[in-house]
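Here is a short briefing on one protein structure.

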Amino acid sequence: MRYPFCPQEVLYKMTHEFKSIVAAYSLAQKQGVNCVLASVVALEGTSYRRPGVRMLILEDGSTVGAVSGGCVEKEVIRQAQAVFQSGTPRTMVYDGRYRLGCDGQLYLLLEPFRPNETLLVAFKDIVENRKVFKLQSFFERTPQDSATYGTWISFGTQPYPLNAEQTSIPNGIEIFEQPMPPCFRLLLLGAEHDAVQLCQFAAATGWEVTVVASPDEEKSKKHFPGASQFIAIAPEQLAVAIDQETAVMVMSHSFSKDLRYVIALKETNPGYFGLLGPSKRREKLFDALLERCPELSDTFLDLIHGPAGLHIGAETPQEIAIAVLAEILAVVRGKQPDFLKEKSGKIHS
């Protein structure tokens, strides 16, 4: 039986977390440290996090990632010791009704994490080219050990086991399927102080941040902690592939540069397009844009959020970064911002 994967809005974060797990494994492998992967594969009721979250447990006692808010991890680490010793995957059940105050029962798959080099090379290529991959975890809801349990990762039609010792995909047991989209990306056009703050905040959420600045600004990647990429290029030369998992934020503080950036991106359709500055500046930029590009469609102009950000009283660069990030999340996840205390029913659909 196949079980549904998590809603699209939570998958971006999980892709980032899985990337971190693979990176941590690569380092542990060089140091000769064995690893066990813990995955939440099913949930009955409610919990702090949902199926698809994962945590890597290293034999030296360290961990990467989390499967809850911190309350489940101790038991997961304890049970992982048996997997380290036997090399056999197991499922475990954690009943939060008696321990967490959450009305939920978590089912977790614990398995040796030993991807081979072919998988690691293919994964690197998939991530760098922003392609979708898929994880399939095979398990049963009874707490027990079984050599048939395990997770397979697919790039296109080619599946690979996360434990290289497994040779065939199991049959006749439950499957948790999880397509993993590219990591959400922020394309940041500008290199002033507030862009640095936005870069740091976005990177902390797990987004990949690409910063673009004109060569005359004399900036580099070292000026933007957390950035995945820095491109020093004139606006007219901008040629970055834009997809629906990309948010664009124009904030160079130069009207001329902002206009040139928008013109360079006028044929794109990102998940979010933000413009820093007051409404009067936006209208002036739109007028100049239509003067230079009279064929421009209203659809593109409607895509632009300017002034960017939610109206939460933000004043400092840090607060403005929070307001902008909040609006990006609301737009790409199709949510109307409101107070959770005024929401009836569950927080997560």
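**A charge over a ring**

The charged end of Lys-284 sits over the ring of Phe-255, 4.8 Å from the ring centre. A charge counts as over a ring if NZ of Lys or CZ of Arg is within 6 Å of the ring centre and within 35 degrees of the ring normal. The model is a predicted one, in which local features need pLDDT of at least 70 and side-chain atom pairs count only at pLDDT 80 or more, while totals for chains, interfaces and linings use all residues. Residues are numbered from 1 along each chain as its sequence is written, and side-chain values use heavy atoms, with hydrogens and water left out.

**Aromatic contacts**

- Arg-141 lies over the face of Tyr-107, at 5.0 Å from the ring centre.
- Nine aromatic pairs are present in the structure; rings of Phe, Tyr and Trp (its six-membered ring) pair if their centres lie within 6.5 Å, with planes under 30 degrees apart counted as stacked, over 60 as edge-to-face and the rest as tilted.
- Phe-18 and Phe-123 make an edge-to-face pair, 5.6 Å centre to centre with 80° between the planes.
- Phe-18 belongs to helix H1 (residues 8-30) and Phe-123 to helix H3 (residues 117-128), so this pair ties together parts 105 residues apart in sequence.
- Helices (H or I, at least four residues) and strands (E, at least two) are DSSP runs, numbered from the N terminus.
- Phe-18 is buried at 2% relative accessibility, and Phe-123 is buried at 6%; buried means under 20% relative accessible area, exposed over 50%, and partly exposed in between (1.4 Å probe, protein chains only).
- One aromatic cluster is formed by Phe-18, Phe-123, Phe-133, Phe-155 and Tyr-160.

**Strand E2 and its partners**

- Eight of the eleven residues of strand E2 (residues 35-45) are buried, so E2 is largely enclosed by the rest of the structure.
- E2 runs antiparallel to strand E3 (residues 54-58), joined by five bridges; two strands pair if DSSP finds at least two bridges between them.
- Val-36 has Ile-57 as its bridge partner in E3.
- Nine bridges pair E2 with strand E6 (residues 104-112) in the antiparallel sense, and the partner of Ala-42 in E6 is Tyr-107.

**The parallel sheet**

- An open sheet of six strands has the order E14-E13-E12-E15-E16-E17, with parallel pairing.
- Strands E14 (229-232) and E17 (304-305) stand at the edges with a single partner strand each, so one side of each is left without a neighbour in the sheet.
- Strand E15 (residues 246-250) and strand E16 (residues 272-275) run parallel, joined by four bridges.
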